[in-house]
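Hello,

Here is the structure for you to look over. My notes follow below it.

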Amino acid sequence: MSTLDGVKDLAAIAAYPRKPDLVLLPKTESTRDIALVSAILDTPAYSPILFALIETPRAVDHLPEILPAPRLSGAVFGAADYALELGTHTGWEAMRHARHTIANSCAAAGLVAVDTPFFELDDAAGLTAEARRAKEIGFHGKGAIHPRQLPVITEAFRPSDDEIAEARAIVAAAERSGDHITSVDGRMRGTPFFTQARRLLAGLGEHPAQPK
């Protein structure tokens with residue numbers, strides 16, 4: 001955002017007759033980047049959703065300062081440029097630290113976390129596996145580099161039938177116990193599990209009873 005090309009891009013967006021609903025900020029490394037974009041684009045009639053693209057080691061190190069910026073709605077992990085600066089590859093193990101840090105920092109800031117795209121266009125099984133792992137560690141979605149990846153990503157992040165059934169069982173147990181610690185299929189369940197199950201079902205349009 002602090003380069004001449006970045007400023008030209010912002011000026012072009014500001015002049016568009018039909019402006020984008022969401023703007024992705026490449027190479028975000030400080031709150032200054034977000035403030036600059038907001039200062040140039042925001043008007044009384046237009047205020048785009050802003051997502052920070054986190055793709056450098058410096059950005060990962062400064063996430064606790066970057067993500068609480070008031071205009072930010074989420075962060076996207078950019079593995080290709082991150083791996084370039086790290087001098088490694090984009091495999092899961094090499095990117096493990098960055099992924100966990102981004103997912104955790106987004107959760108702490110109450111933001112949406114989007115995982116890096118999967119760069120193998122013809123490997124649907126690999127995309128499914130990586131998307132499921134990203135979901136498991138706290139990401140809410142995953143970038144796509146081709147439209148044919150979208151159904152695979154959507155399916156990976158959609159709650160499975162087993163997850164939905166488990167959530168319903170947990171909510172039912174919570175209601176029976178008056179939201180006190182109980183067990184479901186031999187596993188201890190309490191307030192964090194009740195809350196998570198209710199959120200999952202609410203996301204599907206179901207509205208289970210809330211704690212009294």
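Which residue in strand 5 does aspartate 115 stand opposite? Aspartate 115 stands opposite lysine 142. First, the ground rules. This is a predicted model, where local features need pLDDT of at least 70, side-chain atom pairs count only at pLDDT 80 or more, and totals for chains, interfaces and linings use all residues. Residues are numbered from 1 along each chain as its sequence is written, and side-chain values use heavy atoms, with hydrogens and water left out.

**Strands**

Strand 4 (residues 112-115) and strand 5 (residues 141-142) pair in parallel over 2 bridges. Strands are DSSP runs of E, at least two residues, and helices are runs of H or I, at least four, numbered from the N terminus. Two strands pair if DSSP finds at least two bridges between them. Strand 3 (residues 72-77) also runs parallel to strand 4, joined by 3 bridges. There, glycine 74 stands opposite valine 112.

**Salt bridges**

The structure holds 15 salt bridges (a side-chain nitrogen of Lys or Arg within 4 Å of a carboxyl oxygen of Asp or Glu). Arginine 198 meets aspartate 179 at 3.0 Å, N to O. Arginine 198 lies in helix 10 (residues 191-203) and aspartate 179 in the loop between helix 9 and strand 6, so the pair ties together parts 19 residues apart in sequence. Shared partners join Arg99, Asp115, Glu130 and Lys142 into one salt-bridge network. Arginine 189 bridges to glutamate 166, with the closest N and O atoms 3.6 Å apart. Glutamate 155 pairs with arginine 158 at 2.6 Å between the closest N and O atoms.

Best wishes
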